[in-house]
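User: Please take me through the backbone and packing details of this model in a series of questions.

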Amino acid sequence: MSVLFATPGNWDDGRLVTLDPSNNQYVCTTIQNGANGIFLYNAANADHDTTVTIVTTNATAPVKVIVPGTTGNQGLAAIVLVNGNVTNTVTISLTSNQPSDSKISAFIGSLAFPINTSGINNKSLPVNGVTQNFTAFTRFYAVPASTWYQMNLQSNITQFYAAQFGPGSSAVSIYCVNPGPLAEANIYQADPGNPVSYKFILPAPNQPQQQISASLFGNGSQFVWINADSIQNSQQATISLQQL
């Protein structure tokens, strides 16, 4: 395995970047403590899988992440969980054995990231029960007060994903609405020896599979929700947050 020769791009703000043969490596040296997620979308014009190599520390072997093939940036994201309590550095790379037209859209999401939200739909989630539509690369945030809330996700498309960061820097929940087979297949750990603990939440048995309702207790700390689905599927998904 070899990496194409290039100067690594500075990714310390976690912004939306494009990984391709001419910009084949990005490094972030400011990963925050707690849980972080790298969201990888296959943006190639041809429908083929692309493998992205993830490196955290020299003590940990690189992890290969298969980003599902698609056309027109319409596929599911691969989510790579990074434990910021173990490392503050992560590097993503395309190796030279990938197809020449490979193209990946990537950003880092967490309670703090991305710091630079250019290209990201960074929106406050109102606490009024009114449904909000997702779009591509959407990050909702809210700081609920100390009481109970209900969060609702809905999508009629198979396997809509949304990652919730919080409460607390190490808490992660990944919701999958209308799941299909192998629903967790696109979730990876950047360091399998020091994994991020997360909850994988499916619709409740004997309930509509197109929606998930979850009770959340606010404590004045931030929550963040990031979708990990395709452009066209995200537009048909909604989220709402309501005080109980």
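User: In which loop does P167 lie?
Analyst: The model is predicted, so local features need pLDDT of at least 70 and side-chain atom pairs pLDDT 80 or more, while totals for chains, interfaces and linings use all residues. Residues are numbered from 1 along each chain as its sequence is written, and side-chain values use heavy atoms, with hydrogens and water left out. A cis peptide bond joins G166 and P167, with omega about 5 degrees. Strands are DSSP runs of E of at least two residues, and helices are runs of H or I of at least four, both numbered from the N terminus; on that basis P167 lies in the loop between β14 and β15 (172-177).

User: Is N206 buried or exposed?
Analyst: N206 is not a glycine, although its phi is positive, about 65 degrees. This residue is in the loop between β17 (199-201) and β18 (211-217). Buried means under 20% relative accessible area, exposed over 50%, and partly exposed in between, with a 1.4 Å probe and protein chains only. At 80% relative accessibility, N206 counts as exposed.

User: Is N178 buried or exposed?
Analyst: N178 also has a positive phi, of about 55 degrees, without being a glycine. Its loop runs between β15 and β16. With a relative accessibility of 14%, N178 counts as buried.

User: Which backbone oxygen lies 3.0 Å from a polar atom of the side chain of N36?
Analyst: N36 is in strand β4 and counts as buried at 1% relative accessibility. A polar contact is a pair of N or O atoms within 3.5 Å; within protein, one must be able to donate a hydrogen and the other to accept it, and residues adjacent in sequence count only if both atoms are side-chain atoms. The side chain of N36 reaches the backbone oxygen of G34 at 3.3 Å. The backbone oxygen at 3.0 Å is that of Q32.

User: Which are the edge strands of the open sheet?
Analyst: The sheet has 5 strands in the order β2-β9-β4-β7-β16, with mixed pairing; two strands pair if DSSP finds at least two bridges between them. Within this sheet, β4 and β7 pair in the antiparallel sense over 6 bridges, and A35 has N83 in β7 as its bridge partner. Strands that pair on one side only are the edges, namely β2 and β16 (187-189).

User: Which residues have the most contacts inside the largest nonpolar core?
Analyst: A nonpolar core is a set of buried Ala, Val, Leu, Ile, Met, Phe, Trp, Tyr and Cys residues joined through side-chain atoms within 4.5 Å. The largest has 25 residues, and those with the most contacts inside it are W11, I38, L40, V52, I54, V65 and I92.

User: Why does the pair of F134 and F160 tie together parts that are 26 residues apart in sequence?
Analyst: Rings of Phe, Tyr and Trp (its six-membered ring) pair if their centres lie within 6.5 Å; planes under 30 degrees apart count as stacked, over 60 as edge-to-face and the rest as tilted. F134 and F160 form a tilted pair, 5.2 Å centre to centre with 55 degrees between the planes. F134 is buried at 1%, and F160 is buried at 0% relative accessibility. The pair ties these parts together because F134 lies in the loop between β11 (132-133) and β12 (138-142) and F160 in strand β14 (residues 160-165).
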